Amino acid sequence: MRNRELKLRSIARRFVWFCIFIVFAGEIFVFYKSAFLGFADGYFSAVDSIPDSEVYVMENHYLTIKILSTVFSIVTFVLFYIFAKKYFIVPVEELADGMERVGKGNLDVRISEGGKFEFGEIQKTFNLMVEQLQNDKKNREKIISQNTMMYSGIAHDLKTPMTMIIGYAKFLQSNSDISQKDRQRYLDNIISKTEDANKLLDSLFTYSKLENSSYELKKEKNDIAECLRSCVADHYKLIEKSNIKLELDIPESKTELVFDEFELKRVFSNLIMNVIKHNPENTECFISLSLSSSMGQYNDIVKIIIADDGPKISSSLIEKLFDCFSVGDLSRNTRNGSGLGLAISQKIIERHDGKLYYCDVWNSKYKCFVVELKNRLDM
């Protein structure tokens, strides 16, 4: 039924074009006929004064002119039809066919470019549109896949603490004669596992919040150098306890930007905690803030580097470092995190119109995470 409808539409289009060509050819024919009839009128008005031999010659000439005008009209019509078919009918039909196939969900369609007149631009725009739709589809599929993996990971990671909480609670319920010391130990474990589950759910809420385009950060003009120093100070005891050798290069002068201090501290905290959790004792950690230039603009980028000389991250993991619950996730291997920290950090930096990326080799001996933010005071 659908194919029949398409054929009828194609026939109707061709019929309309054919009618247009007939009208055009008729107009040309009438034009030439009128012109030559004007000549004939002059001829017949003077025919009475012309000898018979010359009348015969003039009649032959008139007949020849009529034949030539008819032939010329037909040739003009044929040439116009060929021209119209090549530069109008074929591009329109190809465009209509391409749109029909895209409407059916085929986003691999591309039409030939290089048409004359406005068709060249239309063909190019159509291909760009289909390519954009194809990229959007791939991005949606990737997001769906990541969300599925994220929810599966959270369900898996919640199952362990919840199972232990239930186990401890049932044990306490059924054993009233245990010592106060053991009871307190079980209660501490329940509290600890509950806190782990709560942190995981909080991470999920934060990630979902950042995924929502309607969520707005609370950006204000502030000193990002002081924000970074404050975050390092908050983690100094943990850094010292883990025997991490810390070196700072943060300017004392103000570096004012417009940013969400709470969310940006979340990013710095996550990156610093990664250094603490995933490196052995006596690891050197280097944290710096500097201004750099790009694309001919002077000091238009604020660059924060958090580096360490600990073990390198495997190449297979680097490719999926910022994915939610990717296979071989750094935090999931060590069981010291939700598996969402870097994904959340990247979302926050992207919301600040910046970049967060990983460098496997920096300054010859370090691996590092780099945060780049635009040095501007507009919202």
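Here is a chat about a predicted protein model, its helix contacts and a few of its residues.

Visitor: Hi! What kind of model is this, and how are residues numbered?
Guide: Welcome! This is a predicted model, in which local features need pLDDT of at least 70, side-chain atom pairs count only at pLDDT 80 or more, and totals for chains, interfaces and linings use all residues. Residues are numbered from 1 along each chain as its sequence is written, and side-chain values use heavy atoms, with hydrogens and water left out.

Visitor: How many helices and strands are there?
Guide: The protein has 10 helices and seven strands. Helices (H or I, at least four residues) and strands (E, at least two) are DSSP runs, numbered from the N terminus.

Visitor: And what share of the residues is buried?
Guide: Of the 379 residues, 34% are buried. Buried means under 20% relative accessible area, exposed over 50%, and partly exposed in between (1.4 Å probe, protein chains only).

Visitor: Which residues make the contact?
Guide: On α4 they include Tyr-207 and Leu-210, and on α10 they include Ile-344 and Ile-348. Contact means heavy atoms within 4.5 Å. By class, this contact of α4 with α10 has five nonpolar, two polar and four charged residues. Here Ala, Val, Leu, Ile, Met, Phe, Trp, Tyr, Cys and Pro count as nonpolar, Asp, Glu, Lys and Arg as charged, and the others, Gly among them, as polar.

Visitor: How do α5 and α7 cross?
Guide: The axes of α5 (residues 224-234) and α7 come within 10 Å and cross at roughly 50 degrees. That makes α5 oblique to α7. The contact includes Leu-228 and Cys-231 of α5, and Leu-264 and Phe-268 of α7. Its residues divide into eight nonpolar, two polar and three charged.

Visitor: You listed Leu-228. What about Ser-288, is that buried or exposed?
Guide: Ser-288 is buried, with a relative accessible area of 6%. Ser-288 is in strand β4. Leaving out residues up to four places away in sequence, Ser-288 touches Leu-228, Asp-249, Lys-303, Ile-304 and Ile-305.

Visitor: New topic! Where is Arg-376?
Guide: Arg-376 is in the segment after β7 (366-374). At 33% relative accessibility, Arg-376 counts as partly exposed.

Visitor: What does Arg-376 touch?
Guide: Not counting residues up to four places away in sequence, Arg-376 touches Leu-257, Val-258 and Asp-353. Arg-376 and Ile-301 are 75 residues apart in sequence, and their C-alpha atoms are 8.6 Å apart in space.

Visitor: Where does Asp-353 lie?
Guide: Asp-353 lies in the loop between α10 and β6 (355-362). Asp-353 is partly exposed, with a relative accessible area of 38%. Asp-353 has a positive phi of about 60 degrees although it is not a glycine.

Visitor: Why point out a positive phi?
Guide: Most residues other than glycine have a negative phi. Asn-282 also has a positive phi, near 65 degrees, and lies in the loop between α7 (261-277) and β4 (284-294).

Notes. Axes are lines fitted to C-alpha atoms, for helices over the stretch in contact, and angles run from 0 to 180 degrees between N-to-C directions. Angles under 35 degrees count as roughly parallel, over 145 as roughly antiparallel, 65 to 115 as roughly perpendicular and the rest as oblique.
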